[in-house]
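These are my notebook entries on one structure. I record in turn what I looked up and what I found.

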Amino acid sequence: MTRLVLRALALIAAAWTTSAAAADLNYGSPYTVPQPLNAYSWAGPYLGGNIGYNWGSVANNPTKPSGFAGGAQAGYNFQNGTPWVFGIEADIQASAADDTFAPWKFSNPWFGTLRGRVGYAFNNVLFYGTGGLAFGELRGETFGVSESHTNAGWTVGVGAEMGFAPNWSAKIEYLYVDLANSNFALTGGAANGYSFGLVRAGVNYHF
């Protein structure tokens, strides 16, 4: 009986050692079951931050707000044993973009997006396209009077992301954002909206 117990313990120890070694080789998130051994997996949830710069123009007005922007993003990727990666991502940004062209000043205090992502992975490097919903605030001021509108619009862009350590990745991304026009009383009822380009870099932690 003792000999049988010892043999059983030896088998359990051997199986545990083999499993641990295989887990060490699987570089990526825990959502890697369908991935080939040693392949980086993009699957699963992630959370991160970013900083960038946006520049654009206000419809039916000479102002061209620009400035730094920064915020946070969160998303989820799906990958099933192929290089194709599908996902969804949401972000919220604070923006310092503004411009003055007398007598008007327009600024974009904040904006956000909710986008789908489709990408192709070369192991730990992912190239992707993205697009979806955009929303944000456009604020106008003239002669001490201010008026703010929050509008929804659309966005489209491209990016690249690289896994540089277990659970960590860095990305660079370009988005074009178009916030819908709305009528501003301070510009005489003109339809004003903000469209802009955004370049940003970010870091994500994959759970």
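Entry 1: N108. I began with N108 and found it in strand 4; a strand here is a DSSP run of E with at least two residues, a helix is a run of H or I with at least four, and both are numbered from the N terminus. The model is a predicted one, in which local features need pLDDT of at least 70 and side-chain atom pairs count only at pLDDT 80 or more, while totals for chains, interfaces and linings use all residues. Residues are numbered from 1 along each chain as its sequence is written, and side-chain values use heavy atoms, with hydrogens and water left out.

Is N108 buried or exposed? N108 counts as buried because its relative accessibility is 0%. I note the cut-offs: buried is under 20% relative accessible area, exposed is over 50%, and partly exposed lies in between, with a 1.4 Å probe and protein chains only.

I then listed the contacts of N108, a contact being heavy atoms within 4.5 Å. With neighbours within four places in sequence left aside, N108 touches N54, S95, A97, E137, L179, Y194 and F196. The side chain of N108 comes to 2.7 Å from the backbone oxygen of E137. I also looked up G67, which is 41 residues from N108 in sequence and 9.2 Å from it in space, C-alpha to C-alpha.

Entry 2: Strand 5 (residues 125–142) and strand 6 (residues 145–165) pair in the antiparallel sense over 18 bridges; two strands pair if DSSP finds at least two bridges between them.

How many strands close into the barrel, and in what order? I found 8 strands, in the order 1-2-3-4-5-6-7-10, with antiparallel pairing. On average, neighbouring strands of this sheet are turned by 20 degrees against each other, direction ignored. The axes are lines fitted to C-alpha atoms, for helices over the stretch in contact, and angles run from 0 to 180 degrees between N-to-C directions.

Entry 3: salt bridges. I looked up the salt bridges, each a side-chain nitrogen of Lys or Arg within 4 Å of a carboxyl oxygen of Asp or Glu. The structure has 10 of them. One joins D91 and R115, with the closest N and O atoms 3.2 Å apart. D91 belongs to strand 3 (residues 84–101) and R115 to strand 4 (residues 104–122), 24 residues apart, and the pair links distant parts of the chain. Both residues, D91 and R115, are buried.

E173 forms a salt bridge with K171 at 3.6 Å between the closest N and O atoms, and another with R200 at 2.8 Å. E173 in strand 7 (residues 168–179) and R200 in strand 10 (residues 194–206) are 27 residues apart, and this pair also links distant parts of the chain. Why do I call R200 buried? Its relative accessibility is 2%, so R200 counts as buried. I recorded a network of salt bridges that links E89, D91, R115, R117, E161, K171, E173 and R200.

Entry 4: the whole chain. I counted 1 helix and 10 strands in the protein chain, with the helix leading the pattern α-β-β-β-β-β-β-β-β-β-β along the sequence. Of the 207 residues, 40% are buried. Among contacts with a separation of 6 or more, 61% come from residues 24 or more positions apart.

Conventions. Polar contact = N/O pair within 3.5 Å; in protein donor to acceptor, adjacent residues only side chain to side chain.
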